[in-house]
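Here is a short note to read beside the model. Take the points in order, and keep the structure in view as you go.

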Amino acid sequence: MPAGLALGLLLLLAGLGGVAYGLYALLRGGRGQGGGIGPIPERGVHVIAGLRMLAVGIVCLAAGGYLLWSHLA
């Protein structure tokens with residue numbers, strides 16, 4: 001298996017995982033939980049982490065799609 005194809009598939013899988021986890025953290029994470037980091041409540045921590053994971057997931061999906069498209073084209 002060529003390295004470009006393997007890396008593209010790996011990035012696509014990582015991107016799907018990142019998007020799924022980011023959406024979960026945004027929609028469900030931190031509700032009904034106490035605590036937090038300093039002045040940031042637990043829900044705020046999950047929103048920040050969810051947005052970060054969503055952004056990284058989208059970048060991984062784009063990079064993986066580009067690698068697959070360039071390899072198969």
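Predicted model: local features only at pLDDT ≥ 70, side-chain atom pairs only at ≥ 80, totals over all residues.

1. Together with Ile40 and Ile48, Ile37 forms a nonpolar patch. The three residues have about 280 Å² of accessible area together.

2. Now step back to the whole chain. What is the order of the elements from the N terminus on? The order is α-β-β-α. In total, the secondary structure comes to two helices and two strands.

3. Look at the overall dimensions next. The C-alpha trace spans about 50 × 15 × 15 Å along its principal axes. The radius of gyration is 16 Å, whereas a compact globule of 73 residues would have one near 11 Å.

4. Helix 1 takes in residues 3-27, which makes 25 residues. From its first C-alpha to its last, helix 1 reaches 36 Å. That is close to the 36 Å expected at 1.5 Å a residue.

5. Helix 2 takes in residues 42-72. It has 31 residues and reaches 44 Å between its first and last C-alpha.

6. Which residues of helix 1 are buried? They are Leu5, Gly8, Leu11, Gly15, Gly18, Val19, Gly22 and Ala25. Part of their cover comes from helix 2. An α-helix has 3.6 residues a turn, so residues three or four places apart point the same way. Keep that rule in mind when you read the list.

7. Helix 2 has its own buried list. Glu42, Gly50, Leu54, Gly57, Cys60, Gly64 and Leu68 are the buried residues named there. Over the whole protein, buried residues make up 23% of the 73 residues.

8. Take Gly50 as a worked case. Gly50 lies in helix 2. Why does Gly50 count as buried? Its relative accessibility is 0%, so it counts as buried, the cut-off being under 20%. Beyond its neighbours within four places in sequence, Gly50 is in contact with Gly22, Ala25 and Leu26. Gly22 and Ala25 are among the buried residues of helix 1. Gly4 is 46 residues from Gly50 along the chain, and their C-alpha atoms are separated by 29 Å.

9. Compare that with Val56, also found in helix 2. Val56 has 44% relative accessibility, so it counts as partly exposed. Its C-alpha atom is separated by 22 Å from that of Ile37, 19 residues apart along the chain.

10. Go to the loop between helix 1 and strand 1. Gln33 has its place in this loop. With a relative accessible area of 47%, Gln33 is partly exposed. Which residues does Gln33 touch, not counting residues up to four places away in sequence? Gln33 touches Glu42 and His46. Glu42 is one of the buried residues of helix 2. Arg43 is ten residues from Gln33 along the chain, and the two C-alpha atoms are separated by 7.9 Å.

11. Finish at the end of the chain. Ala73 has its place in the segment after helix 2. At 76% relative accessibility, Ala73 counts as exposed. The C-alpha atoms of Ala73 and Val59 are separated by 21 Å, with the two residues 14 apart along the chain.

12. Two totals close the note. Consider contacts between residues at least 6 apart in sequence: 67% of these join residues at least 24 apart. The protein exposes about 4800 Å², and carbon and sulfur atoms supply 75% of that area.

Conventions: Residues numbered from 1 in each chain as written. Heavy atoms only, no water. Helix = DSSP H or I, 4+ residues; strand = E, 2+ residues; numbered from the N terminus. Expected span 1.5 Å × (residues − 1). Buried < 20%, exposed > 50% of the residue type's maximum accessible area, 1.4 Å probe, protein only. Contact = heavy atoms within 4.5 Å. Rg over C-alpha atoms; globule rule 2.2 N^0.38 Å. Areas by Shrake-Rupley, 256 points an atom, 1.4 Å probe, with all protein chains shown as cover. Patch = residues over 30% accessible without salt bridge, like charges linked within 9 Å, V, L, I, M, F, W, Y side chains within 5 Å. Salt bridge = Lys/Arg side-chain N within 4 Å of Asp/Glu carboxyl O.
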